[in-house]
Amino acid sequence: MISSRFSKVISWAYLIALYGFIFLPVIVLVLFSFQDGRLPVPPFNGATLKWYGEVFADNRLMAALGNSLMVAIGSSLVACVLGFCAAYGLARFVLPASRLQRGILIAPMTVSYLIIALGLLSTFNWIGISLSLWTVGIGHVVINLPLCFAIIYASMGDHQKNIERAARDLGAKEWQVMTQVTAPMLMPSILAAFFLSVTFSWDEFIIAFLLSRFDVTLPVEIWSLLRSGLNPKTNAIGSVVFLFSIALLLVLELLVFRRTAKK
Amino acid sequence: MTAPVSIRNATKTFGEFTALNDVSLEIEAGEFIVLLGPSGCGKTTLLSLLGGVLSPTRGTIAINGRDMGDVSPSKRPTTTMFQDYALFPHMTLRDNVAFGLKMRKIGKTERHTKACELLDMVGLKASALKKPHELSGGQRQRVALARALAVEPDVLLLDEPLGALDLKLRRQMQDELKAIQKRVGTTFVHVTHDQEEAMAIADRIVVMNAGKIEDVGRPEDIYMRPKTLFAASFMGEVNFIPATLKGRGNGMAEIDSMLGSISLPETILANDALPDQGPMTLAIRPEHFRGVSTGAERMTLGSAKIADGAFFGTHYRAHLAPIAAPDMVITAHMPQSANIEPGTMVELSIDLASIIALPGHPQTPADPATQG
C-alpha cells in the first residue's frame, strides 16, 4: 500500500521534473518578455506589452521575419517537390543501384549543418554566386531534401502502385498519374514533410548565418541583437518565434494527422 | 462498345520460366470469356498481354483486327478491373468513375452526367459524393466496374475481381456482372480460379494449366465433355478409371478397364487426342452414379461395396470399393432414400452418355481430384 503510493509520488515527481526541464526555459523566456524593466532577469517587476510594441516597430526585425517566412516556405516547397519526384522514381521504377541512390539521398542528414554551410560557401565562392537569401534557401533545400524524401518515400506502398496502374489503364499519362493520383493520395505525408521542413528552416541559424550577407533571416537578426546584451525585446521576439512554431505544429496536427487518423 | 480479340501463338517467358506457351484463342465480340486455372497456370499473364502491361515474347494480340504490338496500355481499347479495387481514395465515387473521361479531355458536365449514369447502373447513384473508404467491399467493386466501363472500352479485363469478397456476396456479384455484361455488350475477359464462378458467368470457359490451354468451350461442354484429364478434374469432382483402348471398329471401341472389359460406342470417344490403341482413362462424375435414368441407355461397371457415406442434403456422398478392384475408391452420389450402411452392395450403374473418355492415365493414383 505504502510502496504503491510512494511509487506514484515518485512517478509524478519524475513527470513534473521532465516537463520542467523541457519547458522551464521557454516559460522563463515568455514570462520575461512581459518584464516591466530593462533586464529580463528576476525579480519580475510586473507585466507590460512595451517590448512587443518595440519588436513590431523594429523594421529590421520585421524584414528579417518576412525573409525567414519567404526562405522557409520557398525552400520547403522546393524540397518537397524534389523529394516527391525522387521518391516516386525510386519507389516506382527499377533503377540501377537504387539502394545506393537512396543512401546518397538520405546521407546529408548525418552531416552537420556547419559542414554543409562551409561546403556550400566555398562552392558558391568558386562558382561566383554572391551570397543572398537565395543561397540561404539553397542551403535549406540541401538540409530538408533528405527529410522530405525519407518521409514521402516511406509512405509509398505497393497498394498505391496498383492504384497508379489503374490510372494509367484509364488513359492517364505519367505526369497526370503523379499530379492527380499519387500526390493527392500521399498528401498527408507531403504536408507533414512540408511543415516539418518549414519549422526546421524557420529556426535554422548556422547555414543562414554563413550564407547570407545584407538580407538576413530572423535567427541571424536575433543573434546580432543578442550581441548587444540581454534585453526583454529579445525575449519578446523569441516568444513570437516560439508561438509561430507552436501554431505550425497545431496546423500540422489538425490538418494532417487528424485527417489520416480518420481514414 | 465491343470488339473481337484474336490471340495467335502467344508465348511469354520470364528468363527460364515459360508462363505462357504458344497460346491461340479467338474471342468473339460481346463474349463473356473466363480464363480458369490454378495459380501459375498463365491466366493472369494472358490478361496482362491483353491489357498491354506485358508484351508477348512471341506471337500477336489483335483487338478488333488491329495488332496491339506497339500500342501502350493507356492507348488500348481495354480497361481493367483489379482484385483490390484500386479506387482513388482521395476522390468521390463520381470523380473515380469520371477519371477515365477526364483523361480523354471530356468536359466536366458531360463526364459527371455519364459517371452518374454508370453509378446508377451499379446501384450507387445516391452515394456519388461519398469517398471509397465509406463503402463496403461489394460496393467498392461496383464502383471499380463502373469506372472501368465509363470509358466504353471494347474489352474489359477482370483480374480475379471477386476474389476478395465473401462467398455469398461473390455469388450475388457474379449475377450482377453477368447481367451488366449482357446489357453493355462489351467483351469481358475474366480471370478466376473458382470453377463455380466460371460456370456461373461464362459464355465460354478457357481452362488453362502450365501455360497452355487445356480446353475451351461452354460451361456445359467443359463439365460434361472435357477434353483432358486436367480439365475434367479442375471442373469438379470426378472418378478416373485407368483403362486401355484395345481397338476400334464398327462404331464400337473395345476397352480394358480396371473394372473389366467394356465396349463403348465410338460417339463417346469423339476426342481427337484419343489414339486407336493405347492408354486412356474413363472419367465419371459422382452424380452420374445416381441412377435416375430417363430412358437413356445404361450400362453397369460391376458391383461395389459401400465403404462410408455422408448426407449432403440433396444427396448422399459415398465412397465405394468396386469388387473388381477393391483398392480403388469411387466417389458416388446416391439418392436421399438410399441405404448407405457400410458393406452394402450397390450396382455401379450409369448412363452410357455420361462416360467421359480421355487420353492418357492420371499421373498419380493418389491425385486428390480422383479421390475426392
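A crossing of two helices is called right-handed if the near helix is turned clockwise from the far one by less than a right angle, and left-handed if anticlockwise. The legends describe a predicted model, in which local features need pLDDT of at least 70 and side-chain atom pairs count only at pLDDT 80 or more, whereas totals for chains, interfaces and linings use all residues. Residues are numbered from 1 along each chain as its sequence is written, and chains are lettered from A and ligands numbered from 1 in the order in which they are written.

**Figure 1. Helices α3(A) and α9(A) cross in a right-handed sense.** Helix α3 covers residues 59–92 of chain A and helix α9 covers residues 187–202 of chain A; helices (DSSP H or I, at least four residues) and strands (E, at least two) are numbered from the N terminus. The two axes come within 8 Å and cross at roughly 140°, where axes are lines fitted to C-alpha atoms over the stretch in contact and angles run from 0 to 180 degrees between N-to-C directions. That makes α3(A) oblique to α9(A); angles under 35 degrees count as roughly parallel, over 145 as roughly antiparallel, 65 to 115 as roughly perpendicular and the rest as oblique. On α3(A), the residues that make the contact include A:Ser68, A:Ala72, A:Ser76, A:Ala79 and A:Gly83. Among their counterparts on α9(A) are A:Ile190, A:Phe194, A:Ser197, A:Ser201 and A:Trp202. Residues are in contact if their C-beta atoms, placed from the backbone, lie within 7 Å.

**Figure 2. Chain A with the spans annotated in its unreviewed UniProt entry.** The record lists "transmembrane region" at residues 12–34, 69–91, 103–127, 133–156, 177–202 and 236–257 of chain A; such annotations may be inferred rather than shown by experiment. In the model, residues 69–91 of chain A are 100% helix and 0% strand, with end C-alpha atoms 32 Å apart.

**Figure 3. The interface between chains A and B.** Here 16 residues of chain A are in contact with 17 residues of chain B. On the side of chain A that touches chain B, two or more residues come from each of α7 (158–169) and α8 (174–185) of chain A. The most is given by α7(A), with eight residues.

**Figure 4. An open sheet of four strands in chain B, ordered β2-β1-β4-β5.** The pairing is antiparallel; two strands pair if DSSP finds at least two bridges between them. The edges are formed by β2 (17–27) and β5 (66–67) of chain B; each has a single partner strand, so one side of each is left without a neighbour in the sheet. Strand β4 (residues 58–63) of chain B joins β5(B) through two bridges, and B:Ile63 stands opposite B:Arg66 in β5(B).

**Figure 5. A second open sheet in chain B, ordered β17-β16-β15-β18.** Its four strands pair in the antiparallel sense. The edge strands β17 (330–334) and β18 (345–351) of chain B each pair on one side only, and neighbouring strands are turned by 50° against each other on average, direction ignored. Strand β15 (residues 298–311) of chain B is joined to β18(B) by six bridges, with B:Ala304 opposite B:Val346 in β18(B). Seven bridges connect β15(B) with strand β16 (residues 316–322) of chain B, and B:Ala310 faces B:Arg317 in β16(B) as its opposite residue. The two strands β15(B) and β16(B) form a hairpin with four residues between them, and B:Gly313 in the turn has a positive phi of about 90°.

**Figure 6. Helices α4(B) and α5(B) in a right-handed crossing.** The axes of α4 (residues 137–150) and α5 (residues 167–184) of chain B come within 11 Å and cross at roughly 20°. That makes α4(B) roughly parallel to α5(B). B:Gly138, B:Gln141, B:Leu145 and B:Leu149 in α4(B) meet B:Leu169, B:Met173, B:Ile180 and B:Val184 in α5(B).

Figure 7. The C-alpha trace of chain B spans about 75 × 45 × 40 Å along its principal axes, and its secondary structure comes to nine helices and 19 strands. Of the 372 residues of chain B, 44% count as buried, that is, with 20 or more other C-beta atoms within 10 Å of their own. Among contacts in chain B with a separation of 6 or more, 66% are between residues 24 or more positions apart.

Conventions. Buried ≥ 20, exposed ≤ 12 C-beta atoms within 10 Å, placed from the backbone. Contact = placed C-beta atoms within 7 Å.
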